[in-house]
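This report covers one structure, section by section. Please keep the sequence and the model in view while reading.

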Amino acid sequence: MTDTTTTGTSLPREFREHVREAIAGLSEEIPPGPAGADALVRRAVAHRVLGDLEEALRDHDRAVDAYPLDPTVVCARGVTLLQAGQTEAAARDFDRAAELDVWDIETHYQQIAAHVALGQWREAAEALDAFLDPRDEDLERRLQHWQSERSAEPEGS
């Protein structure tokens with residue numbers, strides 16, 4: 001799962017410089033609005049690698065503001081919040097990301113782990129149950145619609 005243990009000064013100087021160059025390159029590519037969410041998340045992760053959590057969270061916040069319905073964007077901010085010691089805020093992001101994408105294993109893992117860390121056993125159990133039996137109501141609705149259309153077709157069509 002997500003490794004958040006190696007950051008900042010424990011990294012070799014050459015690698016830190018490489019990450020800083022990546023940040024500079026990503027900074028040139030950020031378009032406004034939802035299109036910029038991907039570059040913002042990538043830059044935030046690069047900041048997180050360096051241990052610059054405040055910079056990372058600023059980029060994550062901008063990305064979530066631009067694209068609040070993208071579960072990857074929301075989950076990525078949760079990981080940074082978790083690393084920053086903001087476990088309650090991280091749990092909220094993981095809960096939201098899990099609602100947006102019931103199939104993402106990493107989101108469910110982070111969601112369960114955050115609630116366990118907070119001692120929120122009911123929420124952790126609910127997250128585990130949702131992981132074990134994902135319910136995608138939109139998918140279920142579309143499948144029911146598709147099945148009703150198929151059953152309405154004449155035989156042999």
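## Ala 63

Ala 63 is found in helix 3; helices are DSSP runs of H or I, at least four residues long, numbered from the N terminus. This is a predicted model: local features need pLDDT of at least 70, side-chain atom pairs count only at pLDDT 80 or more, and totals for chains, interfaces and linings use all residues. Residues are numbered from 1 along each chain as its sequence is written, and side-chain values use heavy atoms, with hydrogens and water left out.

Is Ala 63 buried or exposed? Ala 63 is buried, at a relative accessible area of 0%. Buried means under 20% relative accessible area, exposed over 50%, and partly exposed in between, with a 1.4 Å probe and protein chains only. Ala 63 touches Ala 37, Leu 40, Val 41 and Val 73, leaving out residues up to four places away in sequence. Contact means heavy atoms within 4.5 Å. Gly 33 is 30 residues from Ala 63 along the chain, yet their C-alpha atoms are separated by 8.5 Å.

## The largest nonpolar core

The largest nonpolar core has 18 residues. Such a core is a set of buried Ala, Val, Leu, Ile, Met, Phe, Trp, Tyr and Cys residues joined through side-chain atoms within 4.5 Å. Val 41, Ala 63, Val 73, Leu 81 and Phe 94 touch the most other members. Two or more residues each come from helix 2 (37-50), helix 3 (53-66), helix 4 (71-83) and helix 5 (87-100). Helix 4 gives the largest share, 6 residues.

Phe 94 is in contact with Cys 75, Gly 78, Val 79, Leu 82, Thr 107, Gln 110, Gln 111 and Ala 114, leaving aside neighbours within four places in sequence.

## Arg 77

Arg 77 lies in helix 4. Arg 77 counts as buried, at 16% relative accessibility. Beyond residues up to four places away in sequence, Arg 77 touches Leu 57, His 60, Asp 61, Val 64 and Asp 93.

## Helix 1

Helix 1 covers residues 13-28. At 1.5 Å a residue, its 16 residues should span 22 Å, and its end C-alpha atoms are 23 Å apart, which agrees. The expected span is 1.5 Å times one less than the number of residues.

Arg 16, Val 19, Ile 23 and Leu 26 are buried in helix 1. Seen down the axis, the buried residues fall within an arc of 80°, so they line one face of the helix. The arc is taken from the directions from the helix axis to the C-beta atoms. These buried residues pack against helix 2. Arg 13, Glu 14, His 18, Glu 21 and Glu 28 are exposed on the other side of helix 1.

## Helix 6

The 13 residues of helix 6 should span 18 Å at 1.5 Å a residue; the end C-alpha atoms are 18 Å apart, which agrees. Buried here are Thr 107, His 108, Gln 110, Gln 111, Ile 112, Ala 114 and His 115. The buried residues of helix 6 pack against helix 4, helix 5 and helix 7. Gly 119 follows helix 6, with a positive phi near 75°.

## The largest pocket

The largest pocket has a volume of about 230 Å³. A pocket is an open set of points on a 1 Å grid over the protein atoms alone where a 1.4 Å probe fits, with protein on both sides within 12 Å along at least five of seven lines; lining residues have an atom within 4 Å of a point. Grid points are joined across faces, edges and corners, and the volume is the space filled by probe spheres set on the points.

Of the 14 lining residues, Ala 98, Glu 99, Gln 111, Glu 126 and Ala 130 are the closest to the pocket centre. Helix 5, helix 6 (105-117) and helix 7 (121-132) each supply at least two residues of the lining. Helix 7 gives the largest share, 4 residues.
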